[in-house]
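Biologist: I am new to this one. Please take me through it feature by feature.

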There are 2 protein chains.
Amino acid sequence: MPRKSSPKEVDPRVRRTRRLLRDALVSLMLEEDFSSISIREITERAEVAYITFYRHYESLDQLLMEVLDEGLAGLLTRIETLAKQSETSALEAEGRLIFEYIGGNADLFRILFKSQSVARIRKRVVKNIAAIFQTSCAPLGRLDGQVTIAIASNHIATSLLAMIEWWLENNMKPTPAEMGKVYKSLIIDSTVGAVSSLPVVSK
Amino acid sequence: MPRKSSPKEVDPRVRRTRRLLRDALVSLMLEEDFSSISIREITERAEVAYITFYRHYESLDQLLMEVLDEGLAGLLTRIETLAKQSETSALEAEGRLIFEYIGGNADLFRILFKSQSVARIRKRVVKNIAAIFQTSCAPLGRLDGQVTIAIASNHIATSLLAMIEWWLENNMKPTPAEMGKVYKSLIIDSTVGAVSSLPVVSK
DNA sequence: CCTTTTTTGTTATACTGCGTAGCAGTATGT
DNA sequence: ACATACTGCTACGCAGTATAACAAAAAAGG
């Protein structure tokens with residue numbers, strides 16, 4: 001574990017090595033399944049000694065986390081601004097921004113959905129998105145019961161993620177603008193419309 | 001591979017062995033993560049010789065498939081009858097039946113969602129459910145454009161699965177009857193309401 | 001420029017699980 | 001009782017993980 005609490009800058013060699021490992025993992029995940037990727041394979045493609053991997057990461061999972069967190073942070077911030085919107089026109093526009101961002105980082109998100117053993121990460125993303133909507137929707141009004149709010153926010157989060165996945169699998173066919181409209185009507189409008197008519201569910 | 005094209009009945013020893021292996025896998029998956037389960041561990045718990053596993057299955061995946069297909073078939077048939085309903089009262093009742101079925105086979109579905117390397121299976125399930133709704137919703141009426149239908153049916157399938165997952169993680173707290181209502185209003189009503197107002201998306 | 005520090009490369013090691021093979025033992029049903 | 005099929009046991013080669021010791025190379029500081 002090189003340079004634990006870096007007093008100054010990070011050693012250029014360290015940055016280079018970590019970047020090579022990240023790129024090698026991404027490159028491999030676009031070719032084969034995550035479960036079949038070995039650490040030896042990664043270090044080989046990164047043109048780095050095998051043991052070097054363990055000098056920077058404790059496990060393959062940790063490397064994968066670092067790779068995905070990079071791009072997922074951008075998605076979360078966009079969703080956060082989206083969740084605060086209440087006007088109809090702004091909702092569509094923000095929805096479009098999300099799908100444009102996805103399209104720009106398509107490789108990264110393809111990895112997120114395609115790979116098999118990242119269900120854990122996907123769950124974490126769902127949790128984050130749901131939390132965003134849970135807090136931003138609470139002051140919106142007449143949601144009855146904690147459970148109902150939890151169900152609704154979870155519904156929004158999972159639906160959005162599933163829609164993104166579907167879009168990627170269909171080669172991003174409908175344009176981001178069109179997907180923004182779909183997102184608004186199919187997820188947001190219908191959910192807020194339904195929640196107000198939902199029964200108060202026993203906790 | 002014992003008794004490939006069985007001319008008569010299956011050897012009792014074979015049925016016993018396969019059952020032991022299936023039960024051992026389920027038992028282990030409820031304790032630890034799928035990725036950390038070894039074939040030796042399974043045969044050990046099943047009280048069966050290591051090599052016996054390979055006399056019945058080619059891979060661990062194949063065993064997992066056999067285990068999950070068993071219970072997923074029941075879910076799909078219930079969803080199929082549900083998809084054909086159009087009356088409001090029947091929708092709620094059928095929705096309740098689904099969650100009651102899930103509750104009855106909770107262990108199986110916990111495995112489906114909890115385990116990590118079954119994203120492939122989950123995807124297959126989504127595809128099946130979406131296909132059901134796609135065919136049963138097409139004659140329902142005024143859905144414009146193939147893409148819109150595809151998005152909507154995918155939305156229903158993923159939302160239903162996500163709702164089931166949420167319900168299991170919350171220890172099946174709201175009753176199946178309440179979940180049936182939530183399902184109807186949050187997924188079905190809002191989706192069919194939204195679809196009719198959706199723009200025709202370019203193919 | 002030279003020295004010290006840090007990182008990287010090389011090689012070797014113990015450990016674990018996978019998949020296969022051969023042979024002996026045991027259960028099935030006819 | 002008999003042939004057939006299934007199961008148990010032991011051993012082996014292979015691949016990947018995680019770690020260690022020592023040599024080589026690159027960065028930082030004077």
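Modeller: Start with contacts: two residues are in contact if their C-beta atoms, placed from the backbone, lie within 7 Å. In chain A, 67% of the contacts with a separation of 6 or more are accounted for by residues 24 or more positions apart. The model is predicted, so local features need pLDDT of at least 70 and side-chain atom pairs count only at pLDDT 80 or more, while totals for chains, interfaces and linings use all residues. Residues are numbered from 1 along each chain as its sequence is written, and chains are lettered from A and ligands numbered from 1 in the order in which they are written.

Biologist: How many helices and strands does chain A have?

Modeller: Both are DSSP runs numbered from the N terminus: helices are H or I with at least four residues, strands E with at least two. Chain A has nine helices and zero strands. Read from the N terminus, its elements run α-α-α-α-α-α-α-α-α.

Biologist: What share of the residues of chain A count as buried?

Modeller: A residue is buried if 20 or more other C-beta atoms lie within 10 Å of its own, exposed if 12 or fewer, and partly exposed in between. Of the 203 residues in chain A, 35% count as buried. Take Ala83(A), which is found in helix α4 (residues 60–84) of chain A. Ala83(A) counts as buried because it has 20 C-beta neighbours inside 10 Å. Leaving out residues up to four places away in sequence, Ala83(A) touches Ile132(A), Phe133(A) and Ser136(A). Between Ala83(A) and Glu94(A) there are 11 residues in sequence and 9.1 Å in space, C-alpha to C-alpha.

Biologist: Is Glu47(A) buried or exposed?

Modeller: Glu47(A) counts as exposed because it has 8 C-beta neighbours inside 10 Å. Its place is in the loop between α2 (39–45) and α3 (50–54) of chain A. The phi of Glu47(A) is near 55°, a positive value in a residue other than glycine. In chain B, Glu47(B) is in the loop between α2 and α3. Phi of Glu47(B) is positive, near 55°, and with 8 C-beta neighbours inside 10 Å Glu47(B) counts as exposed.

Biologist: Which residues of helix α2 in chain B are buried?

Modeller: The general idea comes from the helix itself. An α-helix has 3.6 residues a turn, so residues three or four places apart point the same way. In α2 (residues 39–46) of chain B, the buried residues are Ile42(B), Thr43(B) and Ala46(B). Seen down the axis of α2(B), they fall within an arc of 90°, so they line one face of the helix. The arc is that of the directions from the helix axis to the C-beta atoms. Their cover includes α1 and α3 (50–54) of chain B.

Biologist: What are the buried residues of helix α6 of chain B?

Modeller: In α6 (residues 106–114) of chain B, Phe109(B), Ile111(B) and Leu112(B) are buried. Seen down the axis of α6(B), these fall within an arc of 150°, so they line one face of the helix.

Biologist: At what angle do α1(A) and α4(A) pack?

Modeller: Axes are lines fitted to C-alpha atoms, for helices over the stretch in contact, and angles run from 0 to 180 degrees between N-to-C directions. Under 35 degrees counts as roughly parallel, over 145 as roughly antiparallel, 65 to 115 as roughly perpendicular and the rest as oblique. Helix α1 (residues 12–29) of chain A packs with α4(A) at about 90°, their axes 10 Å apart. The two are therefore roughly perpendicular to each other. Leu21(A), Arg22(A), Leu25(A) and Val26(A) of α1(A) make the contact with Leu63(A), Leu64(A), Glu66(A) and Val67(A) of α4(A). By class, this contact of α1(A) with α4(A) has six nonpolar, no polar and two charged residues. Ala, Val, Leu, Ile, Met, Phe, Trp, Tyr, Cys and Pro count as nonpolar, Asp, Glu, Lys and Arg as charged, and the others, Gly among them, as polar.

Biologist: At what angle do α4(B) and α5(B) pack?

Modeller: α4(B) and helix α5 (residues 88–104) of chain B pack at about 175°, with their axes 9 Å apart. That makes α4(B) roughly antiparallel to α5(B). On the α4(B) side the contact is made by Gly74(B), Leu75(B), Arg78(B), Ile79(B), Thr81(B) and Leu82(B), and on the α5(B) side by Glu94(B), Gly95(B), Leu97(B), Ile98(B) and Tyr101(B). By class, the contact of α4(B) with α5(B) has six nonpolar, three polar and two charged residues.

Biologist: Which residues have the most contacts inside the largest nonpolar core?

Modeller: A nonpolar core is a set of buried Ala, Val, Leu, Ile, Met, Phe, Trp, Tyr and Cys residues joined through C-beta atoms within 7 Å. The largest has 92 residues, and those with the most contacts inside it are Ile129(A) and Ile129(B). Not counting residues up to four places away in sequence, Ile129(A) touches Ile79(A), Ala157(A) and Leu160(A).
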